[in-house]
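Q: Could you walk me through this one? I have the sequence and the coordinates open, and I'd like to go piece by piece.
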Amino acid sequence: MNAFDEFNCFLDGKNKYIHVLIAPDDKEKTIFTCSFGTYALRRMSFGLCNALTTFQICIMSIFFGFTTKTMEVFMDDFTVHGDSFDECLLHLTLVLS
């Protein structure tokens, strides 16, 4: 299958990369200071330059078996596809479960 299959379902993982934990050794790289004190991030933030790339790597590893057959991933956007509506719905059900 490819992106030109008959049926496609588009999913947007917007702002879901904030669920990715930052490695303990890298927390010091996210330290910022404001009038209330000094803070370090525990999870990915939009402002981090590699947040989307890291999220894509995580998603590609989670959906490894699906990415070559039933879906495609680019950054935080997902496309689930199939040759028929029923097949696309089946693939979507598998991906969401």
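Q: Which strands does helix α3 lie across?
A: In this predicted model, helix α3, covering residues 85-96, lies across β1, β4 and β5, and its direction is at about 140° to that of β5.

Q: OK, and what order do the strands of that open sheet come in?
A: The order is β1-β5-β4, with 3 strands forming an open sheet whose pairing is antiparallel. The edge strands, each pairing on one side only, are β1 (7-12) and β4 (71-74), and from one strand to the next the twist averages 15°.

Q: Which other helix packs on the sheet, and which strands does it touch?
A: That is helix α1, residues 51-62, which touches β4 and β5; the angle between its direction and that of β4 is about 160°.

Q: Back to the strands, then: how many bridges join β1 to β5?
A: There are 6 bridges between β1 and β5, and the two strands run antiparallel. Within this part of the sheet, Phe10 stands opposite Thr79 in β5.

Q: And how many bridges are there between β4 and β5?
A: Here β4 pairs with β5, residues 77-82, over 4 bridges, again in the antiparallel sense.

Q: What about the hairpin of β4 and β5, how many residues sit between the strands?
A: The hairpin has 2 residues between its strands, and Met75 takes a positive phi there, near 55°.

Q: Is β5 mostly covered or uncovered?
A: Mostly covered, since 5 of the 6 residues of β5 are buried, taking buried to mean under 20% relative accessible area.

Q: And β4, which residues are on its covered face?
A: Met71 and Val73 make up the covered face of β4, whereas Glu72 and Phe74 are on the uncovered one. As a general point, side chains in a regular strand alternate between the two faces of the sheet.

Q: Let me go back to helix α3 and pick out Leu92: buried or exposed?
A: Leu92, which has its place in helix α3, is buried, because its relative accessible area is 15% and the cut-off for buried is under 20%.

Q: What does Leu92 touch, leaving out residues up to four places away in sequence?
A: With those neighbours set aside, Leu92 touches Cys9, Leu11 and Val80. For the distance to another residue, take Phe7: Leu92 and Phe7 are 85 residues apart in sequence, and their C-alpha atoms are 11 Å apart in space.

Q: Which residues make the nonpolar surface patch?
A: The patch is made by Phe7, Phe85 and Leu89, and its area is about 280 Å². Phe85 has its place in helix α3, and it counts as exposed because its relative accessibility is 51%, against a cut-off of over 50%.

Q: Switching to charges: how many salt bridges does the structure hold?
A: The structure holds 1 salt bridge, in which the side chains of Lys29 and Asp26 meet at 2.9 Å, N to O. In general, side chains of opposite charge can pair when their charged atoms come close.

Q: Where is Asp26 placed?
A: Asp26 is in the loop between β1 and β2, the latter being residues 32-34.

Q: Are those two side chains buried or exposed?
A: Lys29 is exposed, with a relative accessible area of 65%, whereas Asp26 counts as partly exposed because its relative accessibility is 31%.

Q: Last one, Glu6: where is it, and is it buried or exposed?
A: Glu6 has its place in the segment before β1, and it is exposed, with a relative accessible area of 62%.

Q: What does Glu6 touch, with residues up to four places away in sequence not counted?
A: On that basis Glu6 touches Gly82 and Asp83. As for Ser45, Glu6 and Ser45 are 39 residues apart in sequence and 36 Å apart in space, C-alpha to C-alpha.

Technical notes. Residues numbered from 1 in each chain as written. Predicted model: local features only at pLDDT ≥ 70, side-chain atom pairs only at ≥ 80, totals over all residues. Heavy atoms only, no water. Pairing = 2+ DSSP bridges. Axes fitted to C-alpha atoms, helices over the stretch in contact; angles between N-to-C directions. Contact = heavy atoms within 4.5 Å. Patch = residues over 30% accessible without salt bridge, like charges linked within 9 Å, V, L, I, M, F, W, Y side chains within 5 Å. Areas by Shrake-Rupley, 256 points an atom, 1.4 Å probe, with all protein chains shown as cover. Salt bridge = Lys/Arg side-chain N within 4 Å of Asp/Glu carboxyl O. Buried < 20%, exposed > 50% of the residue type's maximum accessible area, 1.4 Å probe, protein only.
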